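I am keeping these notes while I look through one protein model. Each entry records what I looked up and what I found.

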Amino acid sequence: MFKDIQLKQALDFYNGRVRPNNVGIFPLYGGNGIIDYVDDYNYEDNIIIGRVGANCGSIQKCSGKNWVSDNAISVTVKEGFDKDYIYYLLKLINLNSKRVGAAQPLLTQEIIGNINARVPVYSEQVKISKILSTLDRKISLNRSINAELERMAKEIYDYWFVQFEFPDANGRPYKSSGGAMVYNPVLKREVPEGWEVKSFADFVSKQNGDWGEENPTATNDIEVLCARGADIVQMEDLPHRYISKSHLDRLMKKGDIMVEISGGSPVQATGRCSYISEALLSRLGKKLVCSNFCQVVRVQDYEMSSYLYMTWDLLYKNDNMFKFEGKTSGIKNFQIDSFLQTKWSIPPHNLISKYQVFFDNLLSKKEALKKEITLLQNQRDELLPLLMTGQVKIK
């Protein structure tokens, strides 16, 4: 049984306010999620709706105390309505399409409150939201597991190759168990005895990207996915392109390192990288290239690829890449050839190989979870309109 309402019959609206100055424990919400943590709160257990600019209509569901900034509207749900159900109803409505203004898009409490909707009785609201929120919890859990897997990869790399506490011949932490260390004048620090010092260039070659064409231009063109600098972090929803069959050498393969060589910002360096694993290629399901603003670094010995990638990523996150940047027509460019001459400690091959096995297993788990996330998202998005409109009923 559904009834017609206006959203103001189900919601109470409250303005956001200018943020407090002091840092604290309470999440500060802007128009599109948490932007900081502050020492005070103005709302709790609410729904937050972005009200201005590009974030018009973005929706966040919050538990606990929080501060809502003046770029957002805080909403609480009236008695007789389920908070989770209303959250999914707002997502289905697509509030962004209700905004007004061109130069500065805007959503007001009045606009949202006057929107018409059809809602079932409370008990049905609870059943519907339970199904959708269960899917969202599983998606969130998978993301949390993936974040933990990434943390594990970095932790083991740091423990073995930065702190030099890799397992010695007796399975004990090398450095703290008295393993021999020698001073290296090139690196200006001590490294384990027997480790070499070489540059990245000693182990890799370069391959250009290929943006290709939106449509095939010849009968022998092949369809590919093309990763851009903006895709480096997630590697999802990549554009489909077509490249010439004569450019098959530009297809990425397992163990490659994709590098952003143009772009960045004043606070973000070029030189970001992404590791191309066999599990990633399997999840994407199509041949993969990178755009012309990126470049492929191909590691000659696959078993060294994870170590070189993690070293590269460490240097990037420690802001080393800013000193390898130049500018052309106002665009920052990564001076990759200069960076590849960077010297680094190279462990024995058997230790690198051991890390590669660990890294491959971890990425296989991570990509399997990402594949499941996509399936769960699709299932949720298909169910959302069917459940909310009564086309599918819950027994």
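**Entry 1**

The model I have open is predicted. I started with Gly30 and looked for its bridge partner in S4, which is Gly33. That pair belongs to a set of 6 bridges between strand S3 (residues 23-30) and strand S4 (residues 33-38). The two strands run antiparallel. I then checked the link from S3 to S4 and found a hairpin through 2 residues.

S3 also pairs with strand S8 (residues 65-68), this time in parallel, by 2 bridges. Opposite Leu28 I found Trp67 of S8.

**Entry 1: Tyr29**

Tyr29 lies in strand S3. Is Tyr29 buried or exposed? Its relative accessibility is 10%, and the limit for buried is under 20%, so Tyr29 counts as buried.

Next I listed what Tyr29 touches, leaving out residues up to four places away in sequence. The list is Ile34, Ile48, Gln60, Cys62, Asn66, Trp67, Val68 and Ser69. I took Gln60 from that list and looked up its separation from Tyr29. The two are 31 residues apart in sequence, and their C-alpha atoms are 8.8 Å apart in space.

**Entry 2: a second hairpin**

I moved on to strand S11 (residues 181-184) and strand S12 (residues 189-192), which run antiparallel and are joined by 4 bridges. Val182 has Val191 in S12 as its bridge partner. S11 and S12 form a hairpin too, with 4 residues between them. In the turn, Lys188 has a positive phi of about 60 degrees.

I then turned to another open sheet of 3 strands, in the order S18-S23-S22, where the pairing is antiparallel. Its edge strands are strand S18 (262-263) and strand S22 (325-328), and each pairs on one side only. S18 and strand S23 (residues 331-334) are held in the antiparallel sense by 2 bridges. Gly263 has Lys332 of S23 opposite.

**Entry 3: Ser277**

I looked up Ser277 and found it in the loop between strand S19 (273-275) and helix H4 (278-284). Its relative accessible area is 6%, so Ser277 is buried. The side chain of Ser277 reaches the backbone nitrogen of Leu280 at a distance of 3.0 Å. Not counting residues up to four places away in sequence, Ser277 touches Lys254, Leu363 and Glu367.

After H7 comes Gly390, whose phi is positive, near 80 degrees.

The axes of helix H1 (residues 83-93) and H7 come within 10 Å and cross at roughly 105 degrees. Angles of 65 to 115 degrees count as roughly perpendicular, and H1 and H7 are therefore roughly perpendicular to each other. I listed the residues that meet there: Tyr85, Tyr88, Leu89 and Leu92 from H1, with Leu384, Pro385 and Met388 from H7.

An α-helix has 3.6 residues a turn, so residues three or four places apart point the same way.

**Entry 4: the chain as a whole**

Last, I looked up totals. The protein chain has 7 helices and 24 strands. Its C-alpha atoms fill a box of roughly 75 × 60 × 50 Å along the principal axes. Of the 395 residues, 46% are buried. Among contacts between residues at least 6 apart in sequence, 71% join residues at least 24 apart.

Conventions. Residues are numbered from 1 along each chain as its sequence is written. This is a predicted model: local features need pLDDT of at least 70, side-chain atom pairs count only at pLDDT 80 or more; totals for chains, interfaces and linings use all residues. Side-chain values use heavy atoms; hydrogens and water are left out. Two strands pair if DSSP finds at least two bridges between them. Buried means under 20% relative accessible area, exposed over 50%, partly exposed in between (1.4 Å probe, protein chains only). A polar contact is a pair of N or O atoms within 3.5 Å; within protein, one must be able to donate a hydrogen and the other to accept it, and residues adjacent in sequence count only if both atoms are side-chain atoms. Contact means heavy atoms within 4.5 Å. Axes are lines fitted to C-alpha atoms, for helices over the stretch in contact, and angles run from 0 to 180 degrees between N-to-C directions. Angles under 35 degrees count as roughly parallel, over 145 as roughly antiparallel, 65 to 115 as roughly perpendicular and the rest as oblique.
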